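The following note concerns helix packing and pockets. Please read the points alongside the model.

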Amino acid sequence: MAMLEVKDLEVYYGVIRAIKGISFEVNEGEIIALIGANGAGKTTILHTVTGLIKPKAGQVIFEGQDITKTPAHKIVKLGMAHVPEGRRVFSQLTVYQNLKMGAYSRSDKEEIEDSLQKVYKRFPRLEERKNQVAGTLSGGEQQMLAMGRALMSNPRIILMDEPSMGLSPILVNEIFDIIQSVSASGTTVLLVEQNAKKALGIADRAYVLETGNIVQEGRAADLMDDESIKKAYLGE
């Protein structure tokens, strides 16, 4: 059984059909990439899976449980975390306060402290800046904070929306290394990413979206070698 199953999902914005009956699945331990041009529906899918948008039709099943109508805050408690596009850190709060906000659904203080130390170990810069106001961090540091905050909920699966957006090439490499280490430590990853080459480089499998439809799917390595994918998304 897949960890996450999306079945025949349809999402509307008013009369516009943004997601057109798509189905896909994510197995435990995988890194799955959703790639596609701007406006293809990638962010809408993540928002629907995490309960921020209610679909018109279809199902979202997480670890055997239908969560299609489950409120977003309860989905977090089930073990799903979302790193939103544009980081969305609490800019007036310190780094430490942002991280503690990520653990709001948990109650065991020792376990929360253990998670905090793991985040600091993974992101040493966050520990160095723990008392700094988040809005004064660089873009790369804010991205690390958004990822660290999501990890504070101790998720079984983490959904990341455009984690490399607006970052320098060096920082992009660093962020992708971190995504791989998050995966290696046992957290399943669903990755939405404009940088198709980097996403396919670390993913196990991928789905290609065009205007609300999945038009291709397969092993990431195979898609990387596909001539139509190279032309459309890899700039080759």
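1. Tyr96, Leu99 and Lys100 in H3 meet Ile112, Leu116, Val119 and Tyr120 in H4, contact meaning heavy atoms within 4.5 Å. By class, this contact of H3 with H4 has six nonpolar, no polar and one charged residues. Ala, Val, Leu, Ile, Met, Phe, Trp, Tyr, Cys and Pro count as nonpolar, Asp, Glu, Lys and Arg as charged, and the others, Gly among them, as polar.

2. The model is predicted: local features need pLDDT of at least 70, side-chain atom pairs count only at pLDDT 80 or more, and totals for chains, interfaces and linings use all residues. Residues are numbered from 1 along each chain as its sequence is written, and side-chain values use heavy atoms, with hydrogens and water left out.

3. The axes of H3 and H4 come within 11 Å and cross at roughly 125°. Axes are lines fitted to C-alpha atoms, for helices over the stretch in contact, with angles from 0 to 180 degrees between N-to-C directions.

4. The largest pocket has a volume of about 580 Å³. A pocket is an open set of points on a 1 Å grid over the protein atoms alone, where a 1.4 Å probe fits, with protein on both sides within 12 Å along at least five of seven lines; lining residues have an atom within 4 Å of a point. A volume is the space filled by probe spheres set on the points.

5. The largest pocket is lined by 23 residues, of which Leu52, Val76, His82, Pro84 and Arg149 lie nearest its centre. This lining divides into 13 nonpolar, seven polar and three charged residues.

Technical notes. Helix = DSSP H or I, 4+ residues; strand = E, 2+ residues; numbered from the N terminus.
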